[in-house]
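Here is a briefing on selected side-chain and helix geometry. Please keep the sequence and the 3D view open while you read.

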Amino acid sequence: MPEVSIIVPCYNAETTIERCVDSILRQTHKDFELVLVNDGSKDRTGEIIDCYANQDSRIVAIHKPNGGVSTARNAALDIACGEYIAFADADDEVKPEWIETFLSIISGKDLAVQGIDFIGQGTLVKSIGISSGCDNRTLVSRLMRYSFLGYMVGKMFKQEIIKQQHIRFDPTIKFREDDVFMLNYAVHLKNWASTDKSNYIYYVPSGDKEYGTNATDCTEQIFNSLNIIYNSKIPAGILKSQSWSVKGAVVSRILSGGKLSATLLGAYRATFTPTKSIRQKFLNFIILKSASLGPIPNMLLKRLNR
């Protein structure tokens with residue numbers, strides 16, 4: 001059994017996958033398996049990862065029909081053998097100490113977090129600093145305060161928790177699926193540690209990248225987990241930071257003709273603030289009374305959004 005399973009979903013990545021894999025093979029810590037998942041690529045990605053798998057026994061190549069990054073990661077989780085799980089993206093690269101740094105702080109803990117170098121028009125190094133804790137609430141508050149909740153590539157997970165709780169990525173969510181996975185995992189973790197060291201190089205995608213779903217589609221799942229973690233007493237700072245997501249989710253749900261769940265309605269009550277705006281007061285009334293107004297909220301919101 002390898003100590004670490006590194007999971008890399010690959011889709012039409014022929015121009016970047018070699019840079020990614022070569023950087024992983026240069027790790028100072030050698031006891032790992034590398035699971036490369038070809039998610040129905042139309043270019044030479046599948047051929048390239050097969051070549052790597054034939055050259056190095058630590059590499060496993062999986063080929064599957066295209067289903068998105070979540071299905072690719074799930075396929076790898078189904079066969080991963082390592083004690084710990086780490087994720088990388090096919091268009092990024094890692095520094096030689098990436099895995100070693102994770103392992104230096106995760107011993108006896110359920111999660112390790114390290115920083116990420118974001119490469120775009122410049123370089124931004126982002127982390128949650130040097131810290132540790134024995135509760136999931138402190139961790140989630142810290143991750144959300146530093147806007148680091150998702151970003152699987154900056155975290156190392158314990159395989160035992162993922163398997164026992166059958167935690168998987170939701171294939172219906174194409175954007176912020178990392179946030180949902182992390183919170184589902186956080187529900188079950190008991191301790192964690194983080195470092196300000198950064199060994200992952202993340203190449204920021206272009207602003208016009210299409211994800212396939214709205215950024216607020218996962219709001220209900222996020223608040224389901226937050227309510228469990230905080231026993232329905234979510235801190236004010238988190239509520240404020242997620243107010244945009246809640247508003248977008250409830251408006252979208254009503255406009256699509258759906259009913260607001262107790263989770264979304266409760267989140268909206270908790271996040272909206274008093275206002276002097278007549279329009280906003282009217283919007284609040286429509287949303288909070290939507291359950292008893294039948295199709296009226298849908299019609300009114302459509303008029304407001306013209």
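The notes below cover salt bridges, one loop arginine, a helix pair and backbone phi values.

This is a predicted model, in which local features need pLDDT of at least 70, side-chain atom pairs count only at pLDDT 80 or more, and totals for chains, interfaces and linings use all residues. Residues are numbered from 1 along each chain as its sequence is written, and side-chain values use heavy atoms, with hydrogens and water left out. A search of the whole structure finds 11 salt bridges. The cut-off is a side-chain nitrogen of Lys or Arg within 4 Å of a carboxyl oxygen of Asp or Glu.

**Salt bridge Arg58–Asp56**

- Arg58 pairs with Asp56 in a salt bridge, with 3.0 Å between the closest N and O atoms.
- Arg58 is partly exposed, at 22% relative accessible area.
- Asp56 counts as buried, at 16% relative accessibility.
- The classes are set by relative accessible area: buried is under 20%, exposed is over 50%, and partly exposed is in between (1.4 Å probe, protein chains only).

- Arg73 and Asp89 form a salt bridge at 3.5 Å, N to O.
- This pair links distant parts of the chain, 16 residues apart: Arg73 sits in helix H3 (residues 69-79), and Asp89 in the loop between strand S4 (84-87) and strand S5 (93-94).
- Helices (H or I, at least four residues) and strands (E, at least two) are DSSP runs, numbered from the N terminus.
- Arg73 is buried, with a relative accessible area of 3%.
- Asp89 is buried too, with a relative accessible area of 18%.
- Arg73 also forms a salt bridge with Glu177, at 3.8 Å, N to O.
- Glu177 lies in helix H7 (residues 177-186) and Arg73 in helix H3, so this pair ties together parts that are 104 residues apart in sequence.
- Both Arg73 and Glu177 are buried.
- Shared partners join the salt bridges of Arg73, Asp89, Glu177 and Asp178 into one network.

**Arg168 in its loop**

- Arg168 is in the loop between helix H6 (159-164) and H7.
- The side chains of Arg168 and Asp78 make a polar contact of 3.0 Å.
- A polar contact is a pair of N or O atoms within 3.5 Å; within protein, one must be able to donate a hydrogen and the other to accept it, and residues adjacent in sequence count only if both atoms are side-chain atoms.
- Leaving out residues up to four places away in sequence, Arg168 touches Asn74, Leu77, Asp78, Ile162 and Phe181.
- Contact here means heavy atoms within 4.5 Å.

**Helices H1 and H2**

- The axes of helix H1 (residues 17-25) and helix H2 (residues 45-55) come within 10 Å and cross at roughly 20 degrees.
- H1 is therefore roughly parallel to H2, a label for angles under 35 degrees.
- Axes are lines fitted to C-alpha atoms, for helices over the stretch in contact, and angles run from 0 to 180 degrees between N-to-C directions.
- From H1, Ile17, Glu18, Val21, Asp22 and Leu25 meet Ile48, Ile49 and Tyr52 of H2.

**Positive phi values**

- Most residues other than glycine have a negative phi.
- His166 has a positive phi, near 50 degrees.
- His166 lies in the loop between H6 and H7 and counts as exposed, at 56% relative accessibility.
- Ser232 has a positive phi of about 65 degrees, although it is not a glycine.
- Ser232 lies in the loop between helix H8 (219-229) and helix H9 (236-241) and counts as exposed, at 55% relative accessibility.

Notes. Parallel < 35°, antiparallel > 145°, perpendicular 65-115°, else oblique.
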